[in-house]
Amino acid sequence: MAISEVLEAERPLVEDDVVDGCVDYKGRPVNNRSKYGGWRSALFIIGVEMAERFAYYGVSSNLITYLTGPLAQSTATAAENVNAWSGVASLLPLFGAFLADSFLGRYRAIIIASLIYVLGLGLLTLSAVLLSGSTSECQNTSCSANQFQVIFFFFSLYLIALGQGGHKPCVQAFGADQFDSQHPLESKLKSSFFNWWYFGMCMGTFVTLTVLNYIQDNLNWILGFGIPCILMVIALVVFLLGTKIYRYSLKGEEKSPFLRIGQVFVTAVRNWRITPSAIALEEEARGTLPHQSSEQFKFLNKALLASNGSKGYGKVCSVGEVEEAKALLRLVPIWTTCLVYAIVFAQSSTFFTKQGVTMDRSVVADFQIPAASLQSFISLAIVLTIPIYDRIFVPIARTFTRKPAGITMLQRIGTGMFLSAASMTGATLVEMKRLKTAEEYGLVDKPNVTIPMSVWWLIPQYALLGVSEAFTMVGLQEFFYDQVPTELRSVGLSLYLSIFGVGSFLSSFLISAIENATGGDGRDS
């Protein structure tokens with residue numbers, strides 16, 4: 001009884017706790033943590049992300065099969081098209097984040113992007129209907145899609161990429177905004193949010209790879225593209241249902257963060273002749289910058305001074321604006337290093353899948369597992385790894401390191417990159433065995449003949465890649481969200497996504513280079 005009385009006495013203090021920088025859906029200050037934000041609203045957003053990933057992977061995971069099947073493209077051409085589309089889809093979040101952080105706000109950006117997403121999926125379904133109608137007229141003769149059908153298909157595909165570009169960075173940043181970094185409990189919950197966010201993503205992906213890919217391979221592509229469209233409509237409705245309980249970041253009256261940071265670089269370049277002694281005097285007059293930060297990227301400190309001692313080139317930048325610019329520059333080494341991981345990541349939906357197509361995929365007498373569904377083992381590995389990581393590994397590591405997240409974000413990213421290297425090593429060994437088996441049975445350059453080698457040989461490389469994702473992908477998301485100014489959180493996450501966009505383009509470049517070097521025609525072996 002005494003304990004309950006104490007809890008009752010403390011409850012008003014908690015409920016009246018104001019969340020700085022946040023408002024409710026009517027623009028009023030958030031003064032009740034239990035009513036707005038937290039896990040209550042984050043669960044809505046995770047549910048939306050599960051549906052969005054189901055839709056996105058419903059298109060991307062089996063896209064190479066559609067391109068080499070109904071559209072009759074070669075494997076190399078199809079892989080290049082998949083990588084190009086994936087690259088654009090991963091780079092467009094930079095544009096979406098810019099619009100959200102500078103003009104629209106994350107909530108409105110999510111709604112607009114969702115509508116574009118639904119339109120793209122609807123048109124993609126229509127393109128499958130048109131192609132199905134034309135091919136049914138020539139069942140006994142070989143025929144391929146005409147130019148209009150191909151253009152219409154790719155227009156729909158890139159419209160989906162545009163919708164995803166606005167949806168992806170904003171939804172995750174909006175979800176993380178539901179937790180207050182300055183609150184002791186909520187700061188821990190935010191770290192956990194990124195784990196369970198990725199868990200939800202992978203659950204959506206897992207269902208896609210196990211159910212939707214089977215529908216696409218064994219029933220028809222119209223239904224295979226139509227189901228994601230319907231699910232995105234449901235996701236938009238679910239998102240709107242949570243409107244009244246979300247926390248909305250308060251947008252300041254100051255100018256756009258892009259303009260502030262851009263001005264720092266421009267002013268620093270214009271002041272390139274200013275001596276270090278002049279900068280030191282200015283720092284002392286203003287109140288010295290934190291020591292470590294001042295020593296890093298010192299050339300940006302020149303933005304603290306007016307050009308040639310005058311105001312002729314616009315406003316002098318503040319210490320805070322210089323620090324924002326430095327925060328973005330600190331991300332560059334991590335961004336560059338992770339491009340190697342992004343190239344590995346691109347292989348799962350292209351060559352890993354085409355490996356599986358050529359192998360024996362029989363499970364029982366009359367059932368073959370779709371090649372694209374093998375990617376479900378990546379999602380399954382992630383779904384199994386994240387709860388173990390969050391509930392077992394983190395508490396144990398926390399007792400040794402005294403860090404809230406158990407290990408640092410960079411340690412987590414590095415561990416995942418090591419595991420991805422192990423996955424590619426395994427994939428190389430399996431491919432050597434696959435080619436040797438094809439040579440033994442005289443099946444080289446016969447892409448439509450099944451090689452007598454079980455597809456289960458591929459499971460270890462998929463599983464290892466999944467465990468590596470649980471470390472690297474979640475670590476990157478948290479790192480790029482945490483290391484940027486508050487107003488640039490969507491941009492931070494879009495920078496994380498752009499790693500995989502550039503990685504897809506690099507993967508496409510490597511395919512072309514290898515094909516040209518070996519004189520291949522892009523067909524399977």
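Leaving aside its neighbours within four places in sequence, with which residues is serine 90 in contact? The legends below, written for a predicted model, begin with that residue and then move to other parts of the chain.

Figure 1. Serine 90 is a residue of helix 4, and, once its neighbours within four places in sequence are left aside, serine 90 is in contact with Ser494, Leu497, Ser498, Phe500 and Gly501. With a relative accessible area of 13%, serine 90 is buried, because the cut-off for a buried residue is under 20%.

Figure 2. When neighbours within four places in sequence are left aside, the contacts of tyrosine 496 are with Gln172, Met473, Leu476, Gln477 and Phe480. Between the C-alpha atoms of tyrosine 496 and serine 90 the separation is 8.9 Å, for two residues that are 406 residues apart along the chain.

**Figure 3. Helix 18, with its bend at glutamate 469.** Helix 18 covers residues 459-482, and its 24 residues should span 34 Å at 1.5 Å a residue, which agrees with the 34 Å that separates its end C-alpha atoms. A bend of about 35 degrees is found in helix 18 at glutamate 469. Because 19 of its 24 residues are buried, helix 18 is largely enclosed by the rest of the structure. Met473, one of the residues in contact with tyrosine 496, is also among the residues that lie nearest the centre of the largest cavity.

Figure 4. Rolling a probe the size of a water molecule over the atoms shows where empty space is left. A search of the whole structure finds 2 cavities of 30 Å³ or more, and the largest cavity holds about 480 Å³ of space. Its lining consists of 30 residues, of which Arg53, Tyr56, Tyr57, Phe345 and Met473 lie nearest the centre. Divided by class, the lining of the largest cavity has 15 nonpolar, 12 polar and 3 charged residues. Helix 7 gives the most to this lining, with 5 residues, while the helices that each supply at least two residues include helix 2 (38-60), helix 4 (75-104), helix 18 and helix 19 (489-518).

**Figure 5. Helix 17 and the residues at either side of it.** The 32 residues of helix 17, residues 409-440, should span 46 Å at 1.5 Å a residue, and the end C-alpha atoms are 47 Å apart, which agrees. Among the buried residues of helix 17 are Arg412, Ile413, Gly416, Leu419, Arg434, Thr437 and Ala438. In the loop between helix 16 and helix 17 is arginine 402, which is exposed, with a relative accessible area of 70%. Most residues other than glycine have a negative phi. Arginine 402, although it is not a glycine, has a positive phi of about 65 degrees. Just after helix 17, glycine 442 takes a positive phi of about 65 degrees.

**Figure 6. Tyrosine 25 in the loop between strand 1 and helix 2.** Tyrosine 25 is found in the loop that runs between strand 1 (22-23) and helix 2, and at 33% relative accessibility tyrosine 25 counts as partly exposed. Not counting residues up to four places away in sequence, tyrosine 25 touches Thr243, Lys244 and Tyr248. Tyrosine 25 and arginine 247 are 222 residues apart in sequence, while their C-alpha atoms are 7.4 Å apart in space.

**Figure 7. The chain as a setting for the close-up views.** The chain has 19 helices and 6 strands, and buried residues make up 51% of its 525 residues. Of the contacts in the chain between residues at least 6 apart in sequence, 80% join residues at least 24 apart.

Notes. Residues numbered from 1 in each chain as written. Predicted model: local features only at pLDDT ≥ 70, side-chain atom pairs only at ≥ 80, totals over all residues. Heavy atoms only, no water. Helix = DSSP H or I, 4+ residues; strand = E, 2+ residues; numbered from the N terminus. Expected span 1.5 Å × (residues − 1). Bend = angle between axes of the 7 residues up to and from the residue. Buried < 20%, exposed > 50% of the residue type's maximum accessible area, 1.4 Å probe, protein only. 1 Å grid on protein atoms, 1.4 Å probe; cavity = no way out; pocket = protein on both sides within 12 Å on 5 of 7 lines; lining within 4 Å. Points joined across faces, edges and corners; volume = space filled by probe spheres on them. Nonpolar A, V, L, I, M, F, W, Y, C, P; charged D, E, K, R; others polar. Contact = heavy atoms within 4.5 Å.
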